[in-house]
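Open the model in your viewer and keep the selection tool at hand. The tour below goes stop by stop.

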Amino acid sequence: MNLFQKNEFKETPFLPVSPEEVPPRPPSFPKKPSPKICGSNYPLSIVFIVVNEFCERFSYYGMKAVLTLYFLYFLHWSEDTSTSVYHAFSSLCYFTPILGAAIADSWLGKFKTIIYLSLVYVLGHVIKSMGALPILGGQMLHTVLSMVGLSLIALGTGGIKPCVAAFGGDQFEEKHAEERTRYFSVFYLSINAGSLISTFVTPMLRGDVQCFGKDCYALAFGVPGLLMVIALVVFAMGSKIYRKPPPEGNIVTQVVKCIWFAISNRFKNRSADIPKREHWLDWAAEKYPRQLIMDVKALTRVLFLYIPLPMFWALLDQQGSRWTLQATRMNGNLGFFVLQPDQMQVLNPFLVLIFIPLFDLVIYRLVSKCGINFTSLRKMAVGMILACLAFAVAATVEIKINEMAPPQPDSQEIFLQVLNLADNEVEVTVLGDENNSLLAESIKSFQKMPHYSRLHLKTKSQNFHFQLKYHNLSVYTEHSVEEKKWYTLIIREDGKSISSMMVKDEENKTTNGMTAMRFVNTLHEEISISLGTDSSLRVEEDYGVSAYRSVQRGEYPAVPCRTKNEDFSLNLGLLDFGAAYLFVITNSTSQGPQAWKMEYIPANKMSIAWQLPQYALVTAGEVMFSVTGLEFSYSQAPSSMKSVLQAAWLLTVAVGNIIVLIVAQFSSLVQWAEFILFSCLLLVVCLIFSIMGHYYVPIKPEDIQGSADKQIPKIQGNMINLETKKTKL
């Protein structure tokens with residue numbers, strides 16, 4: 001079946017004419033002989049189109065794979081804001097196809113629309129990559145450039161989306177319908193291949209390459225931009241051998257005008273003297289031809305079934321937002337390979353390529369042999385149920401992650417740990433405002449504390465008195481603390497006595513599944529530590545404490561360091577996912593400076609492999625829902641309505657992303673509860689959809705064509721009593 005039929009009707013203004021008249025078809029474009037591939041019936045031009053689609057999908061999905069983490073860790077937005085903007089961008093990408101289709105059908109034609117909007121696409125990538133350069137302005141400029149770039153990318157990718165596949169179908173002659181069907185299979189394969197490779201590669205470009213001491217988001221956005229340039233060049237190279245159909249008029253506009261005229265005409269003629277008509281669309285008969293009205297009737301039957309569909313997309317598209325954020329709190333070490341959090345998205349296109357033949361060749365056939373009538377609507381309902389189960393599994397994983405995570409201080413609470421860097425044991429007593437003992441423990445020299453101690457405050461901020469007993473000395477000191485914070489009390493030698501300093505730790509989380517570290521320098525000279533290609537961390541002398549620095553998970557056996565007088569290296573060992581480390585640099589041995597290591601925030605314990613079941617369930621649901629839904633929709637709509645149906649299908653994806661945006665901004669639920677909420681909402685929608693599907697009677701396309709003369713009553717006699725829009729001949 002050709003899913004991209006030409007429009008059969010163009011609106012012709014008239015002052016009312018007999019509805020039997022049908023406007024003539026627009027002239028077909030000149031048939032230009034096209035060179036074939038190796039003597040086959042496949043035109044050579046489709047090679048350029050398929051390569052273009054592969055590069056464009058690489059560009060889009062590669063950029064999108066790292067987008068949520070870019071918002072979270074480069075622009076420093078909250079998780080809710082990052083999720084909302086991610087889905088707002090996704091939604092915009094599925095609204096703009098309507099604009100692209102209108103431009104192509106009514107004005108420029110498919111070829112010029114693809115060329116011009118691809119230039120916009122490339123410009124968006126350039127601006128987006130510039131917004132990811134840390135040296136270019138501040139956060140405000142980065143945000144503005146990112147939003148402008150994303151807007152242009154949404155216009156480009158959405159605008160060319162309805163044009164490229166249809167333009168490829170135009171390259172075939174009508175007598176080569178079988179080859180055209182196989183072309184669409186190859187075209188779909190190129191989409192998934194581009195998505196699969198880019199989703200795996202771009203997170204590596206982000207995490208494995210350091211730019212200005214941080215994750216290289218500029219490179220992760222720049223490489224997809226380069227692929228889009230290649231896509232544009234390859235597509236333009238085939239210009240001379242393409243068959244380029246001229247614009248034939250926008251069927252979407254015709255459908256909207258027909259529906260609007262029927263509604264307004266019915267509203268204007270509410271008199272009881274005017275006989276009722278069998279269908280509300282019959283009120284468009286004064287202006288529009290019968291066949292168009294019958295086609296719109298068939299279309300509205302399918303569109304009615306589309307009403308519940310956005311909720312499925314609301315769940316499916318969270319793989320790139322909420323599920324990626326969940327992966328940042330998991331351990332990506334699989335033993336044979338280490339996965340970055342945003343690389344888990346590669347499972348979706350990979351499983352799609354496996355599940356489509358598995359379902360078509362095995363599962364559906366087994367179900368059919370069991371005597372079960374597994375209709376298209378039932379497949380879609382089962383796909384919804386699988387997505388519900390996927391989010392139930394995601395909620396379970398989220399609960400387990402929270403159980404393994406370190407506790408968080410509540411209001412009027414702090415977490416305190418004591419680090420004894422003196423050469424002997426120190427007894428530490430924490431005294432409250434009334435000199436009552438809140439904490440008392442004896443801490444050995446360089447003892448690794450197993451956990452933070454929880455202390456309660458009387459107000460949001462409070463002064464604590466500390467009594468330190470060292471040998472025969474008692475030292476009293478006072479430090480101020482604030483609620484909901486983490487603190488480390490560092491005890492150090494001060495001549496023959498001891499002193500202490502209170503250091504505020506970062507919040508009890510690390511970023512992007514990476515590892516965080518800080519250094520305490522006990523040497524008498526400043527140290528410069530090189531942790532990346534373009535970064536160095538300076539730690540002041542005499543118990544100076546560095547800022548936090550995040551690095552990739554991995555082994556660090558020899559980190560280059562430099563003082564004013566010498567160069568040396570430190571063995572930091574394995575720095576694991578999500579952990580936070582404190583390194584104390586000492587010079588107590590003859591081997592030179594050494595790093596004493598303490599892990600005070602434990603590494604992520606739950607393996608990222610636990611996300612595999614939820615990805616498998618949601619991908620199986622996608623195959624049953626999306627592929628089956630498109631096949632069913634096209635089989636139920638007349639040939640002239642295929643482009644309208646494509647636009648409507650993409651609109652359901654856009655609305656689904658808007659649902660996620662609204663929930664993320666206003667629900668204020670903990671993450672596992674939000675997953676349960678989405679699962680329950682889709683379950684309710686699935687029940688509604690099942691009821692709607694139960695009462696839906698499938699029809700054959702030829703029935704639509706054959707009933708055109710039977711169902712619309714002829715409008716005879718004097719029509720002076722009907723108020724219609726006046727149009728000029």
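What follows is a list of selections, with a note on what is found at each.

**Before starting**

This is a predicted model, in which local features need pLDDT of at least 70 and side-chain atom pairs count only at pLDDT 80 or more, while totals for chains, interfaces and linings use all residues. Residues are numbered from 1 along each chain as its sequence is written, and side-chain values use heavy atoms, with hydrogens and water left out.

**The whole chain**

Show the chain as a cartoon. The chain holds 18 helices and 21 strands; these are DSSP runs, numbered from the N terminus, with helices being H or I of at least four residues and strands being E of at least two. Of its 729 residues, 55% count as buried. Buried means under 20% relative accessible area, exposed means over 50%, and partly exposed lies in between, with a 1.4 Å probe and protein chains only. Among contacts (heavy atoms within 4.5 Å) between residues at least 6 apart in sequence, 73% join residues at least 24 apart.

**The largest nonpolar core**

Select Phe-71 and Phe-89. Of the 136 residues in the largest nonpolar core, these two touch the most other members. The largest share of this core, 13 residues, is supplied by helix H13 (residues 376-404). A nonpolar core is a set of buried Ala, Val, Leu, Ile, Met, Phe, Trp, Tyr and Cys residues joined through side-chain atoms within 4.5 Å. Now show what surrounds Phe-89: leaving aside neighbours within four places in sequence, Phe-89 is in contact with Tyr-60, Met-63, Leu-67, Leu-150, Ile-153 and Ala-154. Another core, of 23 residues, lies apart from the largest one, and its members include Ile-414, Leu-468, Val-481 and Ile-491.

**Phe-391 in helix H13**

Move to Phe-391, which is found in helix H13. Phe-391 is buried, because its relative accessible area is 0%. Beyond four places in sequence, its contacts are Leu-315, Gln-318, Trp-323, Phe-675, Phe-678 and Ser-679.

Select helix H9, residues 290-306. The 17 residues of H9 reach 25 Å from first C-alpha to last, close to the 24 Å expected at 1.5 Å a residue; the expected span is 1.5 Å times one less than the number of residues. H9 is mostly covered, with 14 of its 17 residues buried.

Then go to Ser-239, in the loop between helix H7 (217-237) and helix H8 (251-268). Its side chain makes a polar contact with the side chain of Lys-244 at 3.1 Å. A polar contact is a pair of N or O atoms within 3.5 Å; within protein, one must be able to donate a hydrogen and the other to accept it, and residues adjacent in sequence count only if both atoms are side-chain atoms.

**The sheet S5-S4-S7-S8**

Select the four strands of this open sheet, which has the order S5-S4-S7-S8 and antiparallel pairing. Strand S5 (437-443) and strand S8 (473-482) each have a single partner strand, so one side of each is left without a neighbour in the sheet. Two strands pair if DSSP finds at least two bridges between them. Strand S7 (residues 461-470) and S8 pair over 10 bridges in the antiparallel sense, and Leu-468 stands opposite Val-475 in S8.

**The hairpin S9-S10**

Where does the chain turn between S9 and S10? The hairpin has 2 residues between its strands, and Gly-495 in the turn has a positive phi of about 70°. Strand S9 (residues 485-494) is joined to S10 by 9 bridges, and the two run antiparallel. Ile-491 stands opposite Ser-500 in S10. Strand S10 (residues 497-505) is mostly covered, with 7 of its 9 residues buried.

**Two residues with positive phi**

Gln-412 lies in the loop between H13 and strand S3 (413-420), and its phi is near 55°, a positive value in a residue other than glycine. Gln-412 is partly exposed, with a relative accessible area of 33%. Tyr-543 sits in the loop between S13 and strand S14 (544-545), with a positive phi near 65°. Tyr-543 counts as buried, because its relative accessibility is 17%.
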